[in-house]
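I opened this entry to log what I looked up, item by item. Each term gets its cut-offs where I first use it.

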Amino acid sequence: MRQMEFKMERMGLLEVGDVLPVTEGKLPTSYYYTLGKSYAMSENYTFRERLKSTEGKVVDIKETPKGYFVTVEFEE
């Protein structure tokens with residue numbers, strides 16, 4: 001299992017246990033991932049850290065001073 005953290009702008013969009021699709025975006029030297037219908041976005045990852053799964057399960061949602069973060073688990 002692999003876990004990744006996504007930044008979400010507001011609460012109430014997702015719940016723990018939701019299974020959502022993940023879309024990959026490409027930058028010139030890295031990749032980023034969008035969760036569901038643009039609910040949350042990941043940090044940038046190198047080619048070696050690239051995600052192989054196309055969907056993941058929400059396992060945690062937390063609020064910090066920097067915003068809301070969603071932890072998603074993938075079967076890899």
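The notes below run from the whole chain down to single residues.

**Ground rules.** I am working with a predicted model, where local features need pLDDT of at least 70, side-chain atom pairs count only at pLDDT 80 or more, and totals for chains, interfaces and linings use all residues. Residues are numbered from 1 along each chain as its sequence is written, and side-chain values use heavy atoms, with hydrogens and water left out.

**Fold.** I looked up the secondary structure first. The protein has 0 helices and 6 strands. Helices (H or I, at least four residues) and strands (E, at least two) are DSSP runs, numbered from the N terminus. The order from the N terminus is β-β-β-β-β-β. The radius of gyration is 12 Å, close to the 11 Å that the globule rule gives for 76 residues, so the protein is as compact as a globular protein of that length. That radius is taken over C-alpha atoms, and the rule is 2.2 Å times the number of residues to the power 0.38. Along the principal axes, the C-alpha atoms fill a box of roughly 30 × 25 × 20 Å.

**Burial and contacts.** I checked how much is buried (under 20% relative accessible area; exposed is over 50%, partly exposed in between; 1.4 Å probe, protein chains only). Buried residues make up 37% of the 76 residues. Next came contacts (heavy atoms within 4.5 Å). Of those with a separation of 6 or more, 58% join residues 24 or more positions apart.

**Aromatic pairs.** How many aromatic pairs does a search of the whole structure find? The search gives 3. I used rings of Phe, Tyr and Trp (its six-membered ring) with centres within 6.5 Å; planes under 30 degrees apart count as stacked, over 60 as edge-to-face and the rest as tilted.

I took Tyr-31 and Phe-47 as one entry. Their ring centres are 6.4 Å apart and their planes at 45°, so the pair is tilted. Tyr-31 lies in strand β3 (residues 31-35) and Phe-47 in the loop between β4 (40-42) and β5 (55-64), so the pair ties together parts 16 residues apart in sequence. Tyr-31 is buried, at 9% relative accessible area. Phe-47 is exposed, at 58%.

Tyr-33 and Tyr-45 I logged next. The centres of these rings are 6.2 Å apart and the planes at 50°, so this pair is tilted. Tyr-33 sits in strand β3 and Tyr-45 in the loop between β4 and β5, so parts 12 residues apart in sequence are tied together. Both Tyr-33 and Tyr-45 are buried.

**Thr-34.** This residue is in strand β3. Thr-34 is buried, with 13% relative accessibility. Beyond neighbours within four places in sequence, I find Thr-34 in contact with Pro-21, Val-22, Thr-23, Ala-40 and Met-41.

**Val-59.** Strand β5 holds Val-59. Is Val-59 buried, partly exposed or exposed? At 29% relative accessibility, Val-59 is partly exposed. Leaving aside neighbours within four places, Val-59 is in contact with Gln-3, Val-16, Thr-71, Val-72 and Glu-73. From Val-59 to Phe-69 I note 10 residues in sequence and 11 Å in space, C-alpha to C-alpha.

**Ser-38.** Most residues other than glycine have a negative phi. Ser-38 is not a glycine, yet has a positive phi of about 65°. Ser-38 lies in the loop between β3 and β4. With a relative accessible area of 58%, Ser-38 is exposed.
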